[in-house]
Amino acid sequence: MADEIILLDLWASMLGMRVRVALAEKGLKYEYREQDLRNKSPLLLEMNPVHKKIPVLIHNGKPICESLIIVQYIDEVWYNKSPLLPSDPYQRAQARFWADYTDKLYELGRQLWLTKGEEQETAKKGFMECLKLLEGELGDKPYFGGEIFGFLDVALVTFSCWFFAYESFGNFSVEAECPKLVAWSKRCMEKESVSSSLEDPLKIHGFVIMMRKELGVE
Amino acid sequence: MCIKKGISAAIALARYDQNIMGEEVKLFRTWSSPFALRIVWALGIKAIEYETVFEDISNKSPSLLQCNPVHGKVPVLLHNGTPIAESLVILEYIDETWKQAPLLPVDPHERAMARFWAKFGDDKVLGSIWSVFIKQGKEQEEAMVPAMENLKFLEEELKGKKFFGGETIGFVDLALGWLANLIGLLEEIVGLKVVDGEKLPLLSAWMQEFGDAPIIRDNWPARDGMILKFQALRDATIAAASK
């Protein structure tokens, strides 16, 4: 019986993109359904009644929520292709620890384009501290997973298409502060699963402009 | 009966293996941290021998800071000199390293659900209960709304089950276990009923059942100390908020 996979997502969401990258890594066919978060669909509300958020993966009718939990689920079900988590328990713990850490970038990044003045400066500082720590964790490895693109790479790489937007509104340069991280993100973009899943940074920038208008940030 | 014998045999064998391998397991914790308790319970359930290092949060040891440079927090598990931090990450590590008395289910969808509820507990339930605890008057009433919504989700999840893990204590029970101890304490300090046996019968029953399990019950932190600590925390927070 063929698997039925549906992804409820928002095109600009770097969290949703994590799931897209994972699905692409495993070579899985799925139905993408764009969600309007201002007018939430009955399906979204039924499949994620607790948070009512995207992304939600629906596999043969069963929902899985929270992006990193979805990625782990995909890795466990389709374990025989492109494994994302390493097999060693300690390496897995490290990958999970750092992947959870990357979630901090979501709220900090949001504050970067949502706020001004001192609040924005605080968010910028926190954001760069996070990136620098992650860059330290990367070290001289080609990927966070070592020689192979893995779970932590998936968790972080989707933020890279948001860098241009963050930089514009936060008035800073990620490349100036974290050149190794930018080099790593370019290396990841050479992979089809990543380049086909991440959005155009210019489009993301446009999205943020629209969101700022909507939320009255000027 | 057969199942119990099977589990005991598995634990005995694992202990034998642990001794033969000369494995060293250390847990950095504080006397009161609910997150560290998760690890105490997990290690207890799997009958893993370990050494405890109690930390003073106001005066962290160099060892702790070396083992957890990113957050500087407890708990940290040190396994043969290698540190693992973040309690839910540690729980998964323990489950993958010591296979006896499994905490997470085998089925991938059930595993995803277990991770979901554990995260929900940390991201939403904890904060919403804390909000109720540190507020007063109208603000406290308002804080009760999201707290009750969150608890209702947990109530729903317990339908048809003794524990969140089913027949036996599992990952989600350990992750949410703090509820079984802290709720009662906070209710006493604040004089407010949060988990009402009539409104949340399954959750009430679970708190009792979980709290009475030997490994859980034997490791609760000293009640008097907890009352003092949380009363002081509440007073300080309210004082700071009114400035």
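Me: What covers the buried residues of H6(B)?
Reply: This is a predicted model, and the answers here should be read as such. The buried residues of H6(B) include Gln140(B), Ala143(B), Met144(B) and Leu151(B), together with Asn150(B) and Glu155(B). The cover over these buried residues of H6(B) includes, from chain B, H5, helix H7 (171-176), helix H8 (178-190), helix H9 (201-212) and helix H11 (223-241).

Me: How much area do chain B and chain A bury between them?
Reply: The contact involves 25 residues of chain B and 25 residues of chain A. Of the area buried between the two chains, 70% is on carbon and sulfur atoms, and the total comes to about 2200 Å².

Me: How many salt bridges does the rule find across the interface of chain B and chain A, and which element gives the largest share of the side of chain B that touches chain A?
Reply: Across this interface the rule finds 6 salt bridges. On the side of chain B that touches chain A, two or more residues come from each of strand S4 (82-85), helix H4 (87-97) and helix H5 (108-134) of chain B. That side divides into 13 nonpolar, 5 polar and 7 charged residues. The largest share of it, 11 residues, is given by H5(B).

Me: Which residues are linked with Arg111(B) in a network of salt bridges?
Reply: Side chains of opposite charge can pair when their charged atoms come close. Arg111(B) and Glu76(A) meet in this way, with N to O at 2.9 Å. The network of salt bridges links Arg111(B) with Glu76(A), Arg92(A), Arg96(A), Glu92(B), Glu96(B) and Arg115(B).

Me: Is Arg92(A) buried or exposed?
Reply: Arg92(A) lies in helix H4 (residues 89-102) of chain A. Leaving aside neighbours within four places in sequence, Arg92(A) is in contact with Leu85(A), Pro86(A) and Ser87(A), and also with Glu96(B). Its relative accessible area is 15%, and because the cut-off for burial is under 20%, Arg92(A) counts as buried.

Me: How many residues apart in sequence are the parts that Asp9(A) and Arg20(A) tie together?
Reply: Asp9(A) and Arg20(A) form a salt bridge whose closest N and O atoms are 2.8 Å apart. Asp9(A) is buried, at a relative accessible area of 0%, and Arg20(A) is buried too, at 6%. Asp9(A) belongs to strand S1 (residues 5-9) of chain A and Arg20(A) to helix H1 (residues 14-25) of chain A, so the parts tied together are apart in sequence by 11 residues.

Me: Is Lys125(A) buried or exposed?
Reply: Lys125(A) forms a salt bridge with Glu129(A), the closest N and O atoms being 3.8 Å apart. Both lie in helix H6 (residues 117-138) of chain A, 4 residues apart, which is about one turn of the helix. Glu129(A) is partly exposed, with a relative accessible area of 47%, whereas Lys125(A), at 58% relative accessibility, counts as exposed.

Key
Residues numbered from 1 in each chain as written. Chains lettered and ligands numbered in written order. Predicted model: local features only at pLDDT ≥ 70, side-chain atom pairs only at ≥ 80, totals over all residues. Heavy atoms only, no water. Contact = heavy atoms within 4.5 Å. Buried area = accessible area lost by both parts, 1.4 Å probe. Salt bridge = Lys/Arg side-chain N within 4 Å of Asp/Glu carboxyl O. Nonpolar A, V, L, I, M, F, W, Y, C, P; charged D, E, K, R; others polar. Buried < 20%, exposed > 50% of the residue type's maximum accessible area, 1.4 Å probe, protein only.
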